[in-house]
Amino acid sequence: MTQPGYDALADTYAEMFPDPYQYPIEAHAAAAFAEAAAGRIGRTVDVGCGLGHVAADLAARGLDVIGVDPSPGMLAHARSLHPHVAFSADDASLSTLTDGPIAAILARFSLIHVEPSEVRSTVRRWAARVSAGTPVLVAFQAADEPGPAIAFDHAVAPAWRWHPDEFGEVLAAAGFEESWRIVYRDKNYRFPMAQILAHRR
Ligand SMILES: C[S@@+](CC[C@H](N)C(=O)[O-])C[C@H]1O[C@@H](n2cnc3c(N)ncnc32)[C@H](O)[C@@H]1O
């Protein structure tokens with residue numbers, strides 16, 4: 001459970017990304033996720049929370065949030081920037097997060113760093129931990145062509161892009177029913193990006 005690339009670049013990352021969202025549509029997606037999670041019992045987990053900006057936004061929207069990340073450097077920034085939010089060292093397996101129910105799970109641009117062969121079991125693990133109706137929001141760099149996830153040259157750590165249909169299938173196979181998805185593009189960024197909201201059946 002290490003992330004040396006993010007540790008080495010955490011200070012630069014914090015300077016480059018002072019805001020939770022790069023595009024307005026991402027704020028809308030997070031707001032819709034927060035609405036879906038509202039009133040559910042337990043903590044909302046921000047998987048791969050990085051600098052903690054999104055966790056803090058969800059906390060401001062009234063959710064009981066914990067951000068988890070495998071990079072001590074990113075967590076140090078998160079804790080210092082958002083001292084009122086809970087953060088913990090963990091990866092997408094959530095193996096250290098054993099206390100209490102999980103109300104909702106958000107994983108923005110973090111599962112891209114999990115080997116595709118492990119993503120399926122990771123999502124199945126989440127499904128086993130949550131109750132029916134639990135919302136999950138995943139965001140990732142998308143592939144244009146259908147098929148298996150493909151590696152790309154991410155600046156910080158090994159990473160894979162997913163076609164939204166392929167990721168949708170991973171969620172469905174684990175027991176999550178898709179509610180909506182968005183695919184968005186920016187002329188200054190080389191890949192489309194996708195977000196999928198699903199609920200545990
Ligand atoms: C691109 S940043 C995204 C940060 C944040 N989720 C956001 O939306 O701004 C990716 C984050 O995923 C974390 N990460 C890397 N490998 C991970 C893993 N196996 N499980 C969970 N998080 C991971 C990194 O440490 C980093 O903080």
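Which residues of α3 are buried? In α3, the buried ones are H53, V54, A55, A56, D57, L58 and A59, where buried means that 20 or more other C-beta atoms lie within 10 Å of a residue's own, exposed means 12 or fewer, partly exposed is in between, and C-beta atoms are placed from the backbone. This is a predicted model, so local features need pLDDT of at least 70, side-chain atom pairs count only at pLDDT 80 or more, and totals for chains, interfaces and linings use all residues. Residues are numbered from 1 along each chain as its sequence is written.

**Helix α3 and what follows**
- Helix α3 spans residues 53-60 and is mostly covered, with 7 of its 8 residues buried; helices (H or I, at least four residues) and strands (E, at least two) are DSSP runs, numbered from the N terminus.
- Its buried residues pack against α2 (24-37), β1 (43-47), β2 (65-69) and β4 (102-108), with contact meaning that two C-beta atoms, placed from the backbone, lie within 7 Å.
- After α3 comes G62, which has a positive phi near 100°, and G62 sits in the loop between α3 and β2.
- G62 is exposed, with 11 other C-beta atoms within 10 Å.
- G62 and G39 are 23 residues apart along the chain, and their C-alpha atoms are separated by 9.3 Å.

**The ligand shell**
- There are 18 residues around the ligand, and the closest are G48, G50, D91, R108 and S110; to be near it, a residue needs its C-beta atom, placed from the backbone, within 6 Å.
- By class, that shell has 9 nonpolar, 6 polar and 3 charged residues, counting Ala, Val, Leu, Ile, Met, Phe, Trp, Tyr, Cys and Pro as nonpolar, Asp, Glu, Lys and Arg as charged, and the others, Gly among them, as polar.

**The annotated span**
- An unreviewed UniProt entry carries the annotation "domain: Methyltransferase" for residues 45-129; UniProt positions are in the numbering used here, feature names are shortened, and annotations may be inferred rather than shown by experiment.
- Residues 45-129 are 38% helix and 22% strand, and the end C-alpha atoms lie 12 Å apart.

**The nonpolar core**
- The largest nonpolar core has 61 residues, and F33, I105, V138 and F140 touch the most other members; such a core is a set of buried Ala, Val, Leu, Ile, Met, Phe, Trp, Tyr and Cys residues joined through C-beta atoms within 7 Å.
- If you skip neighbours within four places in sequence, I105 is in contact with V45, V47, W126 and V136.

- Most residues other than glycine have a negative phi.
- L94 isn't a glycine, yet its phi is positive, about 55°.
- You'll find L94 in the loop between β3 (86-89) and β4, and L94 is partly exposed, with 19 other C-beta atoms within 10 Å.
- F109, also a residue other than glycine, has a positive phi near 55°.
- F109 is in the loop between β4 and α5 (116-129) and counts as partly exposed, with 19 C-beta neighbours inside 10 Å.

**F176 in β8**
- F176 belongs to strand β8 (residues 176-184) and is buried, with 26 other C-beta atoms within 10 Å.
- Leaving out neighbours within four places in sequence, F176 is in contact with A127, V136, L171, A198, H199 and R200.
- F176 and F191 are 15 residues apart along the chain, with their C-alpha atoms separated by 26 Å.
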